[in-house]
Amino acid sequence: MIAKLLLQNTLFVIGMGALLFATAGTLHWPGAWTYLIASAVIGPACGLWLARIDPALLAERMRLTGREAQPAADKVFMLALIIVVVLWFIAMGLERRSGGANAGVAVMLPGLALYLLSMALIMWVFRTNSFAAPVVKLQAERDHRVISTGPYALIRHPMYASIMLFFIGVPLLLGSWWGLLFAPLFFVLFAIRTAIEERTLLAGLKGYADYAARVRYRLVPGLW
């Protein structure tokens, strides 16, 4: 499993680098190099940490194929998300090619901080919720139950809220204003994903309706 983790992360980083630098037409992009190096380190580090504290969750998250229990709407969401992410990377690369995406350290550092904060919050989610699968599904075989502690005491979908920090931080790190313009689209996509997930959990997970009544907010504490 560790070998598979390292291989997946390596291929992911190479794929992101290929999209960014090919569309940018140059390797001279400090922000992109910082992001890729950070990803090459953080991905395996987080995976090894998860392998130690919750190997079952790591195994679940490393399954990249669709599941029979996954709702059709969630399969459509995953396809749409992949397409938008690819377009996101291409847009940031094209901005660099056109002479943009060259913000200074004053923009890059807050972007890096948001990226790292996003990863830290995602690790908090993993530490709290052993059922944080990458797709929507009920995990009866793993005694799936409602999690209401940690970040789940604040909002019902802390994973998606944490991921939104990633989609804001990375464009700043890369100095890309075009990439930042995608943030509202990502928010809409994950808002749709929360609706798909909640419909599944309300229908099949005992106690989720009571939890949703207690924790009112989905993604943004105090707002929505």
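Helices (H or I, at least four residues) and strands (E, at least two) are taken here as DSSP runs, numbered from the N terminus. On that basis the protein chain holds nine helices and zero strands, and from the N terminus on its elements run α-α-α-α-α-α-α-α-α. The radius of gyration of the protein chain is 18 Å, close to the 17 Å from the globule rule for 224 residues, so the chain is as compact as a globular protein of that length; the radius is taken over C-alpha atoms, and the rule is 2.2 Å times the number of residues to the power 0.38. This is a predicted model, in which local features need pLDDT of at least 70 and side-chain atom pairs count only at pLDDT 80 or more, while totals for chains, interfaces and linings use all residues. Residues are numbered from 1 along each chain as its sequence is written, and side-chain values use heavy atoms, with hydrogens and water left out.

**Overall dimensions and packing**

- Taken along the principal axes, the C-alpha atoms of the protein chain fill a box of roughly 55 × 40 × 30 Å.
- Of the 224 residues, 47% count as buried, where buried means under 20% relative accessible area, exposed over 50%, and partly exposed in between (1.4 Å probe, protein chains only).
- Among contacts (heavy atoms within 4.5 Å) between residues at least 6 apart in sequence, 80% join residues at least 24 apart.

**Surface and charge**

- The accessible surface of the protein chain comes to about 11,100 Å², of which 71% belongs to carbon and sulfur atoms, as computed by the Shrake-Rupley method with a 1.4 Å probe.
- The mean positions of the 19 positive and 10 negative charges are 4 Å apart, with Lys and Arg counted as positive, Asp and Glu as negative, and His and the chain ends not counted; each charge is placed at NZ of Lys, CZ of Arg, CG of Asp or CD of Glu.

**Helix H6**

- Helix H6 covers residues 158-174, and its 17 residues should span 24 Å at 1.5 Å a residue, which agrees with the 25 Å between its end C-alpha atoms; the expected span is 1.5 Å times one less than the number of residues.
- H6 is mostly covered, since 14 of its 17 residues are buried, and just after H6 Gly175 takes a positive phi of about 70°.

- Ala101, in the loop between helix H4 (72-97) and helix H5 (105-128), has a positive phi of about 50° although it is not a glycine, and Ala101 counts as buried at 3% relative accessibility.
- Asp143, in the loop between H5 and H6, is likewise not a glycine and has a positive phi of about 55°, but Asp143 is exposed, with a relative accessible area of 55%.
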